[in-house]
Amino acid sequence: MLYFLEGTVDAAQQGGGLLGMLPMLLIMVAVFYFMLIRPENKRKKEAEQMRSSIKNGDKVTTIGGIMGTVVDVKSDSFVLETSADQVRIEFAKWAISTNETAAEAAKEEAKKKQEQKAKEKAAKKAAKNG
């Protein structure tokens, strides 16, 4: 029986068990925030911006896989023309999965920036050598 009582006294005197776990708990919360929560919020914000910036003539794909061209944009919906048959369907804006027109424009802009950087690098190299 004495061993039982001595064990409880030692555990009560240590008391650092919870304080020792607190830094690890804070590190885990920080890792979850930076690895899961923050990237998800960023994706949601980008998707909302993409959906609010659609305009007539954009080629989009819906979450259901329907591809077409936007012919009319309303406050909370848009009308999509799907093919040469000129079938028009109205969707809610949240149903847009991708905007190919905006994606292509972003790729072109990135390509131009990359070419500009390459030209600047070549000009610096030529100035250094010449």
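**Exercise 1. Is Tyr33 buried, partly exposed or exposed, and what is its relative accessibility?**

Before the solution, note that this is a predicted model, in which local features need pLDDT of at least 70 and side-chain atom pairs count only at pLDDT 80 or more, while totals for chains, interfaces and linings use all residues. Residues are numbered from 1 along each chain as its sequence is written, and side-chain values use heavy atoms, with hydrogens and water left out.

Step 1. The classes are set by relative accessible area, with buried meaning under 20%, exposed over 50% and partly exposed in between (1.4 Å probe, protein chains only).

Step 2. Tyr33 has a relative accessibility of 39% and therefore counts as partly exposed.

**Exercise 2. Find the aromatic pairs and classify each of them.**

Step 1. Rings of Phe, Tyr and Trp (its six-membered ring) pair if their centres lie within 6.5 Å; planes under 30 degrees apart count as stacked, over 60 as edge-to-face and the rest as tilted.

Step 2. Phe34, with a relative accessible area of 49%, is partly exposed.

Step 3. For Phe78 and Phe91, the centres are 5.8 Å apart and the planes at 25°, so this pair is stacked. The pair links distant parts of the chain, since Phe78 belongs to strand β3 (residues 77–81) and Phe91 to strand β4, 13 residues apart.

Step 4. Phe78 is buried at 0% relative accessibility, and Phe91 is buried at 16%.

**Exercise 3. Describe the sheet and the helix that lies across it.**

Step 1. Helices (H or I, at least four residues) and strands (E, at least two) are DSSP runs, numbered from the N terminus. The chain holds 3 helices and 5 strands, which follow one another from the N terminus as α-α-β-β-β-β-β-α.

Step 2. Two strands pair if DSSP finds at least two bridges between them. The 5 strands make an open, antiparallel sheet in the order β4-β3-β2-β1-β5. Because β4 (88–92) and β5 (96–99) stand at the edges with a single partner strand each, one side of each is left without a neighbour in the sheet.

Step 3. Strand β1 (residues 59–62) pairs with β5 in the antiparallel sense over 3 bridges, and Val60 stands opposite Asn99 in β5.
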